[in-house]
Amino acid sequence: MRRTTAIALLAALAIASCSDGGSSPTGAAGPTVGTGVTPLRVGLVTDARGLNDRGFNQAAADALEQASEKLGVQTDVAETRADSDYIPALQTLAEQHFDVVFAVGELLRDATAKTAPLYPGTKFVLIDSTVERPVKNLQSLVFKSEEAGYLAGVLAALTTKTGTIAAVGGRSIPEVNRYIAGYRAGAEAAKPDVEVLVDYADDFVQPAKCRAIALDQIARGADVVFQVAGDCGPGALAAAKAKKVWAIGSESDQAYLGGRVLSSAVKKIDVAVYKTIELATRGQLAGGSQTVFGVAEDGVGLGATSPDAPAGAVAKAKDAASQVADGTVDVPDTLGR
């Protein structure tokens, strides 16, 4: 899979806009998605974190690599370095007649919302974000993060020795609170008398703030700390490591951050992107709506679990995943109290 930088894309855009063969921003359509006449062309635009983020960008790119090998699609990745790269990168892939263009995450929401209406012949897919009243060629992939949080809560409650676990949120916003609502519900389902501490750093960037909050929670008895705080969150994981208690990551698998990571509540971006490409190859990719991925769709779950985790807790978390998947358990997505 060829990976193209934003700088190269900007040059390509200038060439494409001057070419008689380029598609017009006013709506000339490229190849029909999923016809089977020519290989499907699938592009990806990263956010400014770039490909080697050990997160959503890398997972989405891995899915394109897999789709290239298994489905025979042609792929390309536009790796951006700044917010100003987003629209040019999206436009360039559309001008180059890519059938499907994925945009990674919330940071690309506005750029995708502005670009998609200009290229109705291209399907745009926004990963882990939504647009109000999307156009027909824009589809969002959304994730039931509360279900991943629920499994983390079950695991935490059955691992704690003190009877107290904690969650560190970046800010009290719906996306963060979906994780924490599931976490608390899972913990209380597994051990009704467990105490769940919830505090917020009011920050998604500075690890020191999350570290300070986690240290306070640990001082109050928590021996499992769940972070839902973006780039601030590793500070909470570092605090857990320093105090030799367990930590749980979020969004992507954070096992690489050390041996005190019990597991992670993850969104399986690679699974969602690959399944979406499969639909596109069959001409079944929807538009103008949302595709929802939960445990049942293998779209969320737990990441790698520490080999030192209690075997019984891991087994119960797997049982809980089956119950969530079959609808036996209805996981709350808001903090009711």
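## Salt bridges, step by step

Asp128 is buried, with 18% of relative accessible area. Keep that in mind as you work through this predicted model.

**Exercise 1.** Find out how Lys267 and Asp128 pair up, and which parts of the chain they link.

*Solution.*
- Step 1: check the distance. The closest N and O atoms of Lys267 and Asp128 are 3.0 Å apart. A salt bridge needs them within 4 Å, so this pair counts.
- Step 2: locate the partners. Lys267 sits in strand S11 (residues 261-267), while Asp128 is in the loop between strand S5 (123-127) and strand S6 (138-143). They are 139 residues apart, so the pair links distant parts of the chain.
- Step 3: look at accessibility. The cut-off for buried is under 20%, so Lys267, at 5%, counts as buried.

**Exercise 2.** Decide whether Glu147 and Lys144 are buried or partly exposed.

*Solution.*
- Step 1: spot the contact. Their side chains meet in a salt bridge, 3.9 Å from N to O.
- Step 2: sort the partners. Glu147 has a relative accessible area of 10% and is buried, whereas Lys144, at 31%, is partly exposed.

**Exercise 3.** Describe the pair formed by Asp216 and Arg220.

*Solution.*
- Step 1: read the distance. This salt bridge spans 2.9 Å, N to O.
- Step 2: check both ends. Asp216 is partly exposed at 39%, and Arg220 is partly exposed at 41%.
- Step 3: now look beyond this pair. Elsewhere, salt bridges with shared partners join Asp128, Glu175, Arg178, Glu251 and Lys267 into one network.

**Exercise 4.** How many salt bridges does the structure hold?

*Solution.* The count is 14.

Technical notes:
Residues numbered from 1 in each chain as written. Predicted model: local features only at pLDDT ≥ 70, side-chain atom pairs only at ≥ 80, totals over all residues. Heavy atoms only, no water. Helix = DSSP H or I, 4+ residues; strand = E, 2+ residues; numbered from the N terminus. Buried < 20%, exposed > 50% of the residue type's maximum accessible area, 1.4 Å probe, protein only.
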